[in-house]
Amino acid sequence: MSLLQAYSYNSLHLLCFVFNRKETQASLRSIWPLNLQTPKKEVKKETKLGMTVKKDDNFGEWYSEVVVNSEMIEYYDISGCYILRPQAMSIWETLEAFFDPEIKKMGIKNAYFPLFVTETVLQKEKDHIEGFAPEVAWVTKSGKSDLEVPIAIRPTSETVMYPYFAKWIRGHRDLPLKLNQWCNVVRWEFSNPTPFIRSREFLWQEGHTAFATKEEADQEVLEILELYRRVYEEYLAVPVIKGRKSELEKFAGGLYTTSVEAFIPNTGRGIQGATSHCLGQNFAKMFQINFEDDKGEKGMVWQNSWAYSSRTIGVMVMVHGDDKGLVLPPKVASVQVMVIPVPYKDADTTAIKAACESTVKELNTACVRADLDTRENYSPGWKYSHWEMKGIPLRIEIGPRDLEKKQVRLVRRDTGAKVDVPMAELVEKVQEILTSIQENLFNTAKEKRDACIETVHTWDEFTTALNNKKMIFAPWCDEKEVEEDVKARTKGDHGAAKTLCSPLDQPEITEGTVCFASGKPAKKWTYWGRSY
Ligand code: 87F
C-alpha cells in the first residue's frame with residue numbers, strides 16, 4: 001500500500017468511525033470544511049460561528065461543542081483519547097504553577113518513574129488490582145515480533161514506585177520520603193468517554209509519601225486536600241466539598257480516602273474532583289517498606305497517595321460554560337482581556353489601532369494578560385462572538401467615539417455588563433473587574449450548587465430529591481450493606497445513587513436522628529447522589 005493509499009484508507013475509516021459516535025456534531029464540523037457542507041456561490045471570508053446547542057437543551061452535545069469550538073479539545077481517531085490544545089494546556093500549566101511550589105514548600109520533591117510496568121510487579125498488589133484489571137492496557141509487540149513478556153502501561157504508579165521505596169528506606173533518617181510526579185496515565189475505560197472528564201489517557205500529578213508515624217500521614221492527607229480545594233475554588237472558581245469517602249467508595253488498597261466533590265447542576269451529578277488517601281500500612285506490608293527507628297526497633301512505614309487530574313478542566317467547563325460557549329475564570333485564562341478595534345467606515349483607523357496597541361501595552365505592563373485582535377477580514381461583531389465562545393473574561397472595544405471621549409468600553413463575559421471607562425483609569429478598572437468576575441463566577445456557581453442541595457430524613461424524600469437531580473444531604477448509619485442496598489434500590493436508566501462523601505465539617509447528629517435508608521441510629525451526615 002502506498003502512503004497515499006494508506007492515508008485515504010485511514011481517513012475513510014476515520015470518517016465512518018466518527019459517524020457512529022454520539023459526540024459527532026462538533027467533530028464533524030472540525031474535519032469538514034464548511035464550504036463542503038453548504039456550497040455557496042460566493043465564499044464569504046467569515047465562517048459562521050459555532051454554538052448550535054443550548055446548555056439546558058442537550059447538555060452532552062453542548063459540552064462537546066464547547067470544548068471543540070473553544071479550541072481546547074480536538075477529537076482524535078482513538079475513542080476516549082483527545083488532543084489537548086494550547087487553550088487547555090495553558091490552564092493545566094497554571095494549576096501546576098500554583099500546586100507545584102505549594103507541595104515543594106511541604107518538602108515534597110518531583111521525580112519521574114517509567115511509564116511501563118511488568119506483569120509480575122503489577123500483580124504484587126493482586127487484591128486491589130483485581131477490580132481494575134480490565135482497564136490495564138498492555139504492550140505486546142515491538143514491530144512485528146511479540147515481546148517475550150507483555151508490559152503494562154501505568155494506570156497509576158504504586159507498583160512502579162513502591163519497590164524503590166523499599167530499597168531507599170532503611171532507617172528513620174530516610175523518612176519521610178515524599179515524592180510527586182507529573183505524568184500521564186492510561187486506563188482503558190469502557191463507559192462513555194468524555195473529554196477531560198473520562199478519557200483513556202489523562203494528565204495528573206500523583207504524590208506518594210511515606211512516614212514513620214500515622215500522625216504525620218494523617219496531617220499530610222488534609223494539607224493536600226486543602227490545596228485541592230484551593231485549586232478548585234481559588235483558581236477554577238468551582239465550589240467543592242471536602243469530605244471522607246465511605247468504605248464502599250474509598251480506594252480499596254488504602255486505609256481511608258478523602259476527596260473534594262463538585263456538582264454539575266445540569267445533569268444533577270456529583271463529580272469527584274481530586275483524592276487524598278491515607279494508605280495506612282497495607283502497601284508497606286505488600287512491598288516490605290520497613291525501617292529501623294531511633295531505638296533500633298523495626299517498623300513499617302505509613303503511606304499516603306494523592307492526585308488531581310486534567311478532569312479539573314472539564315469540571316470548570318461544565319460549571320461555568322453557557323449558551324455562548326466557554327467562560328474562563330480570569331485566574332486561569334491565558335488571555336484575560338481581548339482588545340477589539342471598532343473602526344467605522346470613515347473613521348481614523350490608524351488612531352484607533354494606535355489606541356488599541358497602547359491599551360494592550362499598558363495592561364501587559366501591569367501584568368494583565370491582554371491581547372489585540374487586528375484581523376481585518378472579520379467584523380467587530382464576529383470577533384465579539386468568537387472571543388465570547390473562547391471564554392475570554394473581558395473584552396475592550398475601542399471606536400471613534402471612545403477616542404473622542406478618551407475612554408474605552410469594557411464588556412464582561414460572565415454578565416455581559418458594559419461599562420465605559422476613562423483611559424486614565426484603565427489598569428485600575430480592568431484589575432477591579434477581573435477580580436470581580438473571578439468572585440462572581442464562584443459565587444454564582446455556589447448559589448446554583450447550593451440550590452441543588454436537599455436535606456432529607458426519609459426514603460421518600462430521598463427518592464423524590466434524586467429524581468429532581470439534587471445532591472442529597474442525609475443522616476446515615478454508615479453501614480456498607482445499607483449503601484449497597486440504596487444502590488440496588490435506585491438502579492435505573494440514569495445510574496444508581498451512591499455516597500459522594502461525608503463532609504469533614506459535620507453538623508451535629510441530634511438525639512434520636514435516624515438513617516434515612518435503614519431507620520437505624522444515624523452516625524454521620526453524608527452527601528448522596530448520582531455521579532460521574
Ligand atoms: C485502574 C487500573 C489499575 C484506579 C486503576 O487515587 C489500577 C487502578 O489502582 C488503581 N484505577 N486505581 C486507584 C488509584 C489510587 C491512587 N493512586 C495514586 C490515587 C491517587 C494517586
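**Note on ring pairs, salt bridges and ligand contacts**

1. Aspartate 414 has a relative accessible area of 18% and is therefore buried (buried means under 20% relative accessible area, exposed over 50% and partly exposed in between, with a 1.4 Å probe and protein chains only). Arginine 412 is likewise buried, at 15%. A salt bridge joins aspartate 414 to arginine 412, with 2.7 Å between the closest N and O atoms (a salt bridge is a side-chain nitrogen of Lys or Arg within 4 Å of a carboxyl oxygen of Asp or Glu).

2. The model is predicted: local features need pLDDT of at least 70 and side-chain atom pairs count only at pLDDT 80 or more, while totals for chains, interfaces and linings use all residues. Residues are numbered from 1 along each chain as its sequence is written, and side-chain values use heavy atoms, with hydrogens and water left out.

3. Across the whole structure, 31 salt bridges are found. One of them links aspartate 450 and lysine 446, at 3.0 Å from N to O. Both residues belong to helix α15 (residues 426-451) and stand four residues apart, about one turn of the helix (helices, H or I of at least four residues, and strands, E of at least two, are DSSP runs numbered from the N terminus). Aspartate 450 is partly exposed at 31% relative accessibility, and lysine 446 is also partly exposed, with a relative accessible area of 31%.

4. Lysine 520 and glutamate 479 form a further salt bridge, at 2.6 Å from N to O. Lysine 520 sits in the loop between β22 (498-503) and β23 (524-531) and glutamate 479 in the loop between β21 (471-476) and α17 (480-490), so this pair ties together parts 41 residues apart in sequence. Lysine 520 counts as partly exposed at 36% relative accessibility, as does glutamate 479 at 23%.

5. Rings of Phe, Tyr and Trp (its six-membered ring) pair if their centres lie within 6.5 Å; planes under 30 degrees apart are stacked, over 60 edge-to-face and the rest tilted. The count under this rule is 28 aromatic pairs. In one of them, phenylalanine 99 and tryptophan 182 have ring centres 6.2 Å apart and planes at 90°, so the pair is edge-to-face. Because phenylalanine 99 lies in helix α5 (residues 86-105) and tryptophan 182 in strand β7 (residues 177-186), the pair ties together parts 83 residues apart in sequence. Both phenylalanine 99 and tryptophan 182 are buried.

6. The rings of tryptophan 459 and phenylalanine 462 are stacked, because their centres are 5.2 Å apart and their planes lie at 25°. These two buried residues are three residues apart in helix α16 (residues 459-467), about one turn of the helix. Ring pairs also link Trp92, Phe99, Trp182, Tyr228, Trp306 and Tyr308 into a cluster.

7. The ligand is surrounded by 16 residues, the closest being Phe132, Thr156, Glu158, Arg187 and His277 (the criterion is a heavy atom within 4 Å). A nitrogen atom of the ligand lies 2.6 Å from a polar side-chain atom of glutamate 158. A ligand nitrogen atom is 3.3 Å from an N or O atom in the side chain of arginine 187, and an oxygen atom of the ligand is 2.7 Å from an N or O atom in the side chain of histidine 277. Taken alone, the ligand exposes 470 Å², of which the protein buries 94% (areas come from the Shrake-Rupley method with a 1.4 Å probe; for residues, only the protein chains shown count as cover).

Methods
A polar contact is a pair of N or O atoms within 3.5 Å; within protein, one must be able to donate a hydrogen and the other to accept it, and residues adjacent in sequence count only if both atoms are side-chain atoms.
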